[in-house]
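The entries below follow the order in which I checked them.

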Amino acid sequence: MAMAVTRLHSLLFALLVLLLVANGASKHIEYQTLVVTSLRSPPAILSDDDFLSWTTDSQTLSEETGLSAGAAAASSSLRVRVAHRDSLLAASSTPEQLLGLRLGRDAARVSNLHEILAAATAAGNATRAVRARRRGFSSSVVSGLAQGSGEYFTRIGIGTPARYAYMVLDTGSDVVWLQCAPCRRCYSQTDPVFDPRRSRSYATVPCDALLCRQLDVAGCNTRRRSCLYQVSYGDGSITTGEFSTETLTFRRGARVGRIALGCGHDNEGLFVAAAGLLGLGRGRLSFPSQAGRRFGRRFAYCLVDRTSSGSAASPAKSSSVVFGDSAVPRAGVAVAYTPMVRNPKMDTFYYVELTGISVGGSRVAGVSEVDLQLDPATGRGGVIVDSGTSVTRLARPAYAAMRDAFKAGTADLREAPGGFSLFDTCYNLAGKTEVKVPTVVMHLGGGASVSLPAENYLIPVDMKGTFCFAFAGTDSGVSIIGNIQQQGFRVVFDGARSRVGFMPRGC
């Protein structure tokens, strides 16, 4: 009897050991290596030749799309170089100053975005048109995002003959617009202000045209019988002028005609350096929507680290935007696709479903779908993919749970007290060349998972070795997947199939 009891105790002890081992294994944390590099200045602004001559050959397009080399060369796809706005200030500002300005713009943009969505949900319909048979406007509608906080731009030729200017690329705006002479009130820009009187392809939009009726705020110059537009932003910035159609040239030989755009004669607010904005949003007046017949309602961009250098001889290190068939990688290429989610109260933004986040190989229990879901009845909540927001914002409970899971996996790293700007979790990595950090994976609707490189979520903020966890919490409803987390991915916006894709190492 005693021997049987002893054997039972031994068996129970063995089972207990197995359970403890299994439990320990379940808490195993997955790590990846972060190479510690100090904060750097971005390269100086590129020349016109870099913007306008740079392209990708047909063989590369063929490899990406699965088309034959001849078909790729003959396709209607369009690819142009993109640069970060910090390049404009690289020669006159320190890396710390540039980062401070970037985070300041980021806070302003997110605030404006929240105001836009609040106005849309309060109004009940974000696409209402305000018609006025008069020369001016007395109504105001929040529409789009402030160009002043746009992060990426390219060189675009406007008119015939083409006159080139910097244009901000913005997935959070629809209306294409630029400053036009004569200016009643214009902000300072790098290039001469566009004069429509010198363009053979410029044409005003009639007051009774469908394009005019598609504006959120439309008026009519009764003397010229031309459509007037107004776009106002959450920070008080505004652009007003004549709605028109014009030819855009993206690089030498790549022209797109009859694009509806605002020719702004009165532009006020936080608009800096660029001549205007190329709206890449989901609405009817955005460039992808207007050029849908030619480009199949498809585009993609790939954003390299803003401090990466690039040249015409080394395009792999350059940010770019692609319109058309070659925006979608060929079959067999690893792309995490997730369905686009439509917000009936606001058609500009690209919503996706974020179902969870894993840190260190385990799902974070506190990241709840309920906190991240879009309420279609009210238009509140949800998650958008945005090129103009730098830092990913998550609903406060989700962010807190994710941050705590990350901190638990970095207990061996020395914390930097006090945080930095909007970052509340920072580390002192001075003297280190590389460190191990927990993996971070975003789980999206449709079963898609996006595994982030370490440099996309632990970033340098000074020259002293301080690195911060590049996420933040928000109490304002909508969550945002920002461009720091998108770096290095080809982000595909496939309107034809209503999906967003993330292709790793896609630049």
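**Nonpolar cores**

I started with the largest nonpolar core, which has 76 residues, and Phe-250 and Phe-287 are those with the most contacts inside it. A nonpolar core here is a set of buried Ala, Val, Leu, Ile, Met, Phe, Trp, Tyr and Cys residues joined through side-chain atoms within 4.5 Å. Buried means under 20% relative accessible area, exposed over 50%, and partly exposed in between, with a 1.4 Å probe and protein chains only. Another core of 15 residues lies apart from the largest one, and Val-175, Val-205, Ala-209 and Cys-227 are among its members.

**Ground rules**

I note that this is a predicted model, in which local features need pLDDT of at least 70 and side-chain atom pairs count only at pLDDT 80 or more, while totals for chains, interfaces and linings use all residues. Residues are numbered from 1 along each chain as its sequence is written, and side-chain values use heavy atoms, with hydrogens and water left out.

**Annotated active site**

I looked up the UniProt record, an unreviewed entry, which places the feature "active site" at Asp-170 and Asp-386. UniProt positions are given in the numbering used here, feature names are shortened, and annotations may be inferred rather than shown by experiment.

I found Asp-170 in strand E5 (residues 163-170). Asp-170 counts as buried at 0% relative accessibility. A polar atom of its side chain lies 2.8 Å from the backbone nitrogen of Gly-172.

Asp-386 sits in the loop between strand E22 (383-385) and strand E23 (392-395). Helices (H or I, at least four residues) and strands (E, at least two) are DSSP runs, numbered from the N terminus. Asp-386 also counts as buried, at 1% relative accessibility. Its side chain makes a polar contact with the side chain of Arg-109 at 2.9 Å. A polar contact is a pair of N or O atoms within 3.5 Å; within protein, one must be able to donate a hydrogen and the other to accept it, and residues adjacent in sequence count only if both atoms are side-chain atoms.

I traced an open antiparallel sheet of 4 strands in the order E19-E18-E26-E27. Strand E19 (362-363) and strand E27 (449-452) stand at the edges with a single partner strand each, so one side of each has no neighbour in the sheet. Two strands pair if DSSP finds at least two bridges between them. Contact means heavy atoms within 4.5 Å.

Next I traced an open antiparallel sheet of 3 strands, in the order E24-E29-E28. Its neighbouring strands are turned by 30° against each other on average, direction ignored. Helix H10 (residues 396-408) lies across E24, E28 and E29, at about 135° to E29. Axes are lines fitted to C-alpha atoms, for helices over the stretch in contact, and angles run from 0 to 180 degrees between N-to-C directions.
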